[in-house]
Protein chains: 2
Amino acid sequence: MGHLPTTARGRATRARILESAADLIQRRGVAAVTLDDVERAAGVGRSQLYHYFDDRDDLIRSVVHSTVDTVLAAQEPLLLEVDSPAGIDRWFDAIVANGTRQDAVGGCAIGSLASQLSGRDDLTRQAFVDAFARWEAPLIAGLRRMQESGELRPDVDVTELADLTMAAIQGGLLLAQVRRTPDQLRLALRGARAALEDALTPLS
Amino acid sequence: MGHLPTTARGRATRARILESAADLIQRRGVAAVTLDDVERAAGVGRSQLYHYFDDRDDLIRSVVHSTVDTVLAAQEPLLLEVDSPAGIDRWFDAIVANGTRQDAVGGCAIGSLASQLSGRDDLTRQAFVDAFARWEAPLIAGLRRMQESGELRPDVDVTELADLTMAAIQGGLLLAQVRRTPDQLRLALRGARAALEDALTPLS
DNA sequence: CCTGCTCTGTACTTTCCAATACAGAGATTC
DNA sequence: GAATCTCTGTATTGGAAAGTACAGAGCAGG
């Protein structure tokens, strides 16, 4: 890992590099982004890149971590409320809305990176394992609260339900990316929603 | 597109190039595969590559088409029988088995390519739209037969059910690739299976 | 101010890899 | 069996992009 900045200016520069790189990668894919591109987009020189990052691979890894943090931070408020059907609906709606943004190519920022890079080395793959685990944790916690409060049948495995939901999200986003329409994402989420419905306790 | 081979030897060489390239790409990702790699793996010289393909991009496009054909051909016998719960189970089992193969990194050959390349140009993206459509068609047809025979409720939208299933498969395979375990794939498919179960006519 | 640090700008070197050139081997037709 | 295709091997070129060198600017503490 390259030098971490100590001054405010340094932090701003490093952040700007990561932001630009993440944006470019998100749009064009990891392979199609050169260091020159990043420099131009971030308005920095070559020396800055190598001041803050060891090499290109280090930059990519940093982008992965940064992207994961950004995505999770953006969803955090919603993820804390996934302990009711209504809360889950709000979360799903946000995912659909995000996947429908005009500027977005569609697809999941994390999922896209994962399928591009998880075959690279085990360290990188592990980063995605962690990312998905962090993403799933609040969902599992929310479902567990629902189970404890009696909303969810006690015999359902909440981790399985969460895994199933994550798979639906990822698959839906991938197909939405290919077809450039959120329809299939909506359907996939509806499927996950149905699985949740099944796990609810029959109306008391 | 480069010259199509006219002799048996030529066909064998072209096929060997495509096979090696597809294998390398599947394992390392499109970006990490060089023409030298392909040459070495296929045991051919540089001139062969440029004899059968215009340039690198043409080779990649050809790999995409070839991969789609291979995957669909491999599943064809099972896909023709997805007109009963048992047939669908057999299909799902095959997908899980395929994702669990020792040599396979996991992930869907088509899905991985799609998320790497669908952002490239519209022509490439369209290839994946077609691929998924071709893949989904026999499933839709099977479900429709089930509906006509009364096995499936008449009010369910079979294309929605098929879309949902494809999303589950893709998401499950992506997560299986990241976690290197088929567990999540199995769960995702179980979710799709449950959605199907819901659509069956209540036991007569 | 001056000393030592972090940070930045530019020009250069090196490596890698796609693409080409060209000659030679193998096949096919008449 | 000569002529002309298709196919193959090796060596080279050209360009792009990663990585390096080094000097200079900005900013702290004494």
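A nonpolar core is a set of buried Ala, Val, Leu, Ile, Met, Phe, Trp, Tyr and Cys residues joined through side-chain atoms within 4.5 Å. Buried means under 20% relative accessible area, with exposed over 50% and partly exposed in between (1.4 Å probe, protein chains only). This is a predicted model, in which local features need pLDDT of at least 70, side-chain atom pairs count only at pLDDT 80 or more, and totals for chains, interfaces and linings use all residues. Residues are numbered from 1 along each chain as its sequence is written, chains are lettered from A in the order in which they are written, and side-chain values use heavy atoms, without hydrogens and water.

Start with the core. The largest one holds 133 residues. Those touching the most other members are A:Leu143, A:Leu152, B:Leu143 and B:Leu152. Take A:Leu143. Beyond its neighbours within four places in sequence, its contacts (heavy atoms within 4.5 Å) include A:Val82, A:Ile88, A:Leu152 and A:Leu196.

Next comes helix H6 of chain B, residues 109-117. Helices are DSSP runs (H or I, at least four residues), numbered from the N terminus. In H6(B), 9 of the 9 residues are buried, so the helix is largely enclosed by the rest of the structure. Its buried residues pack against H6 and H8 of chain A. They also pack against H1, H4, H7 and H8 of chain B.

B:Ser112 sits in this helix. Its relative accessibility is 8%, so B:Ser112 counts as buried. Leaving out residues up to four places away in sequence, B:Ser112 touches A:Ser115, B:Gly107 and B:Gln177. B:Gln26 is 86 residues from B:Ser112 in sequence, yet their C-alpha atoms are 7.9 Å apart.

Now the cysteines. A disulfide is a pair of cysteine sulfur atoms within 2.5 Å. The count over all chains is 0. A:Cys108 is buried at 7% relative accessible area, and B:Cys108 is buried at 8%.

Finally, a helix pair. H4 (residues 56-79) and H5 (residues 85-100) of chain B pack at about 155°, with axes 9 Å apart. Axes are lines fitted to C-alpha atoms over the stretch in contact, and angles run from 0 to 180 degrees between N-to-C directions. H4(B) and H5(B) are therefore roughly antiparallel, a label for angles over 145 degrees. H4(B) contributes B:Gln75, B:Leu78 and B:Leu79 to the contact. H5(B) contributes B:Arg90, B:Trp91, B:Ala94 and B:Ile95.

Definitions and conventions
Helices (H or I, at least four residues) and strands (E, at least two) are DSSP runs, numbered from the N terminus. Angles under 35 degrees count as roughly parallel, over 145 as roughly antiparallel, 65 to 115 as roughly perpendicular and the rest as oblique.
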